[in-house]
Amino acid sequence: MMRAGGVLKLTVLVSIFFLVVFLAFELLENRMNLNVGKVFARYAPGETVPTRPVRHKCGLSKSCPEDHFTFKITSGAASVVGPKMCFQDTILMSGVKNNIGRGINIALINGKTGEMTRTDSFDMWSGDVNSLIKYLKEIEDGSIVMMATFDDPATKLNEEARNLIADLGSTSISILGFRDNWVFVGGKGIKTKSPFEQHIKNNAETNKYEGWPEVLEMEGCIPIKRE
């Protein structure tokens, strides 16, 4: 009987020993898995959230200050693609809007509110320059004036028309010639020459298109007119 009881006790002790060893290994394994998980979590890249590139008004390369208007202007391409004007992320003139024409295209904007007041185009190949002169004289003080050429902007231009555009801040209007490309943003009542102007001559040796120079594109920020 004593021998049988001893065997039973030994069996129980062995069972308890194996149970303790089993639990110890389980605890160790769980702790190792937890630590390994922490290590991988520490060095694993964070959850990536797809981000869209920041878009600025009119597609500018960067945003304008809050107290400035945003604009982008493109001249015509030969006699095929017309000019395009964008102001405060609104397209004012383009071929899609069907409000452009051969010659000089003009958009007028209120310099205080940024609201467009008028758009027009003047044919300087077969049109009447007097219509352009009358238009220029009627521009209200404080107006922002955007101009872009398409095809030929200069054949009918005379000295009076050039002087009126020069008064808006242009420096290149005096030499604007047949099929030149030109983009300009000025203002009525401006006291200095505008910094927003690009001009490229029609030159058979350098023209990008046969008979026409390359397209001009200009963007910028215009201070809002205060009282």
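Modeller: Here is a walk through the aromatic pairs, with some background on the fold first.

This is a predicted model, so local features need pLDDT of at least 70 and side-chain atom pairs count only at pLDDT 80 or more, while totals for chains, interfaces and linings use all residues. Residues are numbered from 1 along each chain as its sequence is written, and side-chain values use heavy atoms, with hydrogens and water left out.

The protein has three helices and nine strands, where helices (H or I, at least four residues) and strands (E, at least two) are DSSP runs numbered from the N terminus. Along the sequence the pattern reads α-β-β-β-β-β-α-β-α-β-β-β. Of the contacts with a separation of 6 or more, 59% are between residues 24 or more positions apart; a contact means heavy atoms within 4.5 Å.

Now the rings. A pair of aromatic rings is described by the distance of the centres and the angle of the planes. Rings of Phe, Tyr and Trp (its six-membered ring) pair if their centres lie within 6.5 Å; planes under 30 degrees apart count as stacked, over 60 as edge-to-face and the rest as tilted. Searching the whole structure turns up five such pairs.

Take Phe-71 and Phe-196: their centres are 5.1 Å apart and their planes meet at 80°, so this pair is edge-to-face. It links distant parts of the chain, with Phe-71 in strand 1 (residues 68-74) and Phe-196 in strand 8 (residues 196-200), 125 residues apart. Phe-71 is buried at 0% relative accessibility, and Phe-196 is buried too, at 17%. For the cut-offs, buried means under 20% relative accessible area, exposed over 50%, and partly exposed in between (1.4 Å probe, protein chains only).

Then there's Trp-125 with Phe-178, whose ring centres are 6.1 Å apart and whose planes are at 45°, so that pair is tilted. Trp-125 lies in the loop between strand 5 and helix 2 (129-137), and Phe-178 in the loop between helix 3 (159-166) and strand 7 (181-187), so the pair ties together parts 53 residues apart in sequence.

One more ring deserves a mention: Arg-179 lies over the face of Trp-212, 3.9 Å from the ring centre. That label requires NZ of Lys or CZ of Arg within 6 Å of the ring centre and within 35 degrees of the ring normal.
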